[in-house]
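This briefing goes through one protein chain, topic by topic.

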Amino acid sequence: MERLKGLIFIISGSMLWGATGPLMEWLLNHTPLTVSFMLTIRLSVAGIVLLTYLVLTGKNIFCIWQQKTWSRQLIIFGVAGMLGVQYAFVAAINESNAVLATLLQFLAPIFVVAYVSLSLKKWPPKYQVLGIIGTLGGLFLLLTNASFDALLVSNKALLWGVAVGLTFAFYTLYPARLMKEWSVLLVVGWGMLIGGLTLGIVSRIWQSKQWLVFMDLKVTGLMIALIVFGTIAFVLFLSSMKYITAVETSILSSIEPLTAMVISVTMFGTSLGFWQLMGIFVMLVCVTWLSIADEKA
């Protein structure tokens with residue numbers, strides 16, 4: 001029963017998170033909302049919601065700020081980790097589409113392998129090298145549809161896509177000690193709030209005229225859905241890890257880009273060529289294989 005609960009959590013969480021990409025793509029393409037404004041609202045509200053939930057459950061949310069070591073790490077995570085990966089992800093959507101941005105998250109294991117190999121000053125195992133080559137081959141098909149003439153995305157979109165993989169790797173590795181010492185929800189809640197407030201201050205959100213867009217009830221409803229879906233998805237994803245293995249989590253999280261692809265194609269008319277679809281399949285298989293092989297190792 002516990003395992004079934006974990007499977008339901010990860011599948012539901014992945015589908016909800018996958019749905020947020022096309023939602024953001026639609027808002028960026030059909031409203032005056034910019035990446036900075038949308039992300040400031042999303043991160044700030046989601047952070048406040050998570051921290052409020054912790055307060056209501058009797059948790060002391062300010063205890064983490066009592067030691068400089070932890071508070072410094074929390075600020076770095078909030079700005080470079082949480083805000084970094086979220087901004088790169090939304091910017092990649094803005095420059096390309098939700099499917100591509102979601103899939104480029106799967107480049108993160110490559111950067112993790114590279115970091116570990118450099119730290120240990122040794123070449124990665126053969127299975128990791130093969131998995132990386134396969135993932136990059138799938139990415140090539142996705143970006144070119146097997147045509148050597150030109151990329152199907154702009155150079156800016158590709159750069160933001162690589163940034164998604166890099167920042168996602170940092171987001172995964174850096175807060176390990178923080179989350180071990182403190183609860184995951186506490187670290188994530190503060191990380192979201194710090195990231196949102198930082199971006200809001202830098203972009204001077206209080207001066208923006210984009211607030212007027214919320215007079216449109218449809219836009220307001222989509223923003224609320226975006227925040228709710230994203231927050232619930234993250235909680236479900238974290239909760240699933242209590243009941244199922246890391247390998248099962250990795251395999252089933254591939255539902256996320258598939259959900260984004262289905263919604264983008266059926267509802268927003270995104271078109272994908274045959275070789276692009278093959279590239280998506282190859283990337284998902286190789287990343288899943290890397291996870292399984294890492295678990296066995």
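Helices here are DSSP runs of H or I with at least four residues, strands are runs of E with at least two, and both are numbered from the N terminus. On that basis the chain, a predicted model, has 13 helices and zero strands. Buried residues make up 50% of its 297 residues.

**Overall make-up**

- From the N terminus on, the order of elements is α-α-α-α-α-α-α-α-α-α-α-α-α.
- Of the contacts between residues at least 6 apart in sequence, 85% join residues at least 24 apart.

**Helix packing**

- The axes of α3 and helix α7 (residues 155–173) come within 8 Å of each other and cross at roughly 150°. Because angles over 145 degrees count as roughly antiparallel, α3 is roughly antiparallel to α7. The crossing in which α3 passes α7 is left-handed.
- The axes of α2 and α3 are 10 Å apart, and these helices pack at an angle of about 135°. That angle makes α2 oblique to α3. The crossing of α2 and α3 is right-handed.
- On the α2 side of this packing are Val 35, Ser 36, Met 38, Leu 39, Arg 42 and Leu 43, which meet Met 82, Leu 83, Gln 86, Tyr 87, Val 90, Ala 91 and Asn 94 in α3.

**Aromatic pairs**

- There are eight aromatic pairs in the structure. One of them is formed by Trp 65 and Trp 190, which are edge-to-face at 5.4 Å centre to centre, with 85° between the planes.
- This pair links distant parts of the chain: Trp 65 is in the loop between α2 (35–56) and α3 (68–95), Trp 190 is in helix α9 (residues 184–202), and 125 residues separate them.
- Are the two tryptophans buried or exposed? Trp 65 counts as partly exposed, because its relative accessibility is 30%. Trp 190 has a relative accessible area of 10% and is therefore buried.
- Phe 37, Trp 211 and Phe 214 are linked into a cluster by ring pairs.

**Two buried threonines**

- Thr 31 lies in the loop between α1 (2–30) and α2. With a relative accessible area of 12%, Thr 31 is buried.
- The side chain of Thr 31 reaches the backbone oxygen of Leu 27 at 2.4 Å. Not counting residues up to four places away in sequence, Thr 31 touches Trp 26, Val 213 and Val 219.
- Thr 40 is placed in helix α2. Thr 40 has a relative accessible area of 5%, so this residue is buried.
- A polar atom of the Thr 40 side chain lies 2.7 Å from the backbone oxygen of Ser 36. Apart from neighbours within four places in sequence, Thr 40 is in contact with Gly 196, Leu 199, Gly 200, Ser 203 and Ile 205.

- Met 179 is found in helix α8 (residues 176–181) and counts as partly exposed at 23% relative accessibility.
- Which residues does Met 179 contact, leaving aside its neighbours within four places in sequence? They are Phe 77, Val 184, Val 187 and Val 188.
- Met 179 and Leu 74 are 105 residues apart in sequence, while their C-alpha atoms are 9.9 Å apart in space.
- Leu 258 lies in helix α12 (residues 255–268) and is partly exposed, with a relative accessible area of 35%.
- The C-alpha atoms of Leu 258 and Thr 102 are separated by 9.2 Å, and these residues are 156 residues apart along the chain.

**A positive phi**

- Most residues other than glycine have a negative phi. Arg 204 has a phi near 50°, a positive value in a residue other than glycine.
- Where is Arg 204 placed? Arg 204 is in the loop between α9 and α10 (217–240).
- Arg 204 has a relative accessible area of 48% and counts as partly exposed, because the exposed class requires over 50%.

Note on methods: Residues numbered from 1 in each chain as written. Predicted model: local features only at pLDDT ≥ 70, side-chain atom pairs only at ≥ 80, totals over all residues. Heavy atoms only, no water. Phe/Tyr/Trp six-rings, centres within 6.5 Å; stacked < 30°, edge-to-face > 60°. Buried < 20%, exposed > 50% of the residue type's maximum accessible area, 1.4 Å probe, protein only. Polar contact = N/O pair within 3.5 Å; in protein donor to acceptor, adjacent residues only side chain to side chain. Contact = heavy atoms within 4.5 Å. Axes fitted to C-alpha atoms, helices over the stretch in contact; angles between N-to-C directions. Parallel < 35°, antiparallel > 145°, perpendicular 65-115°, else oblique. Left-handed = near helix turned anticlockwise from the far one by under 90°.
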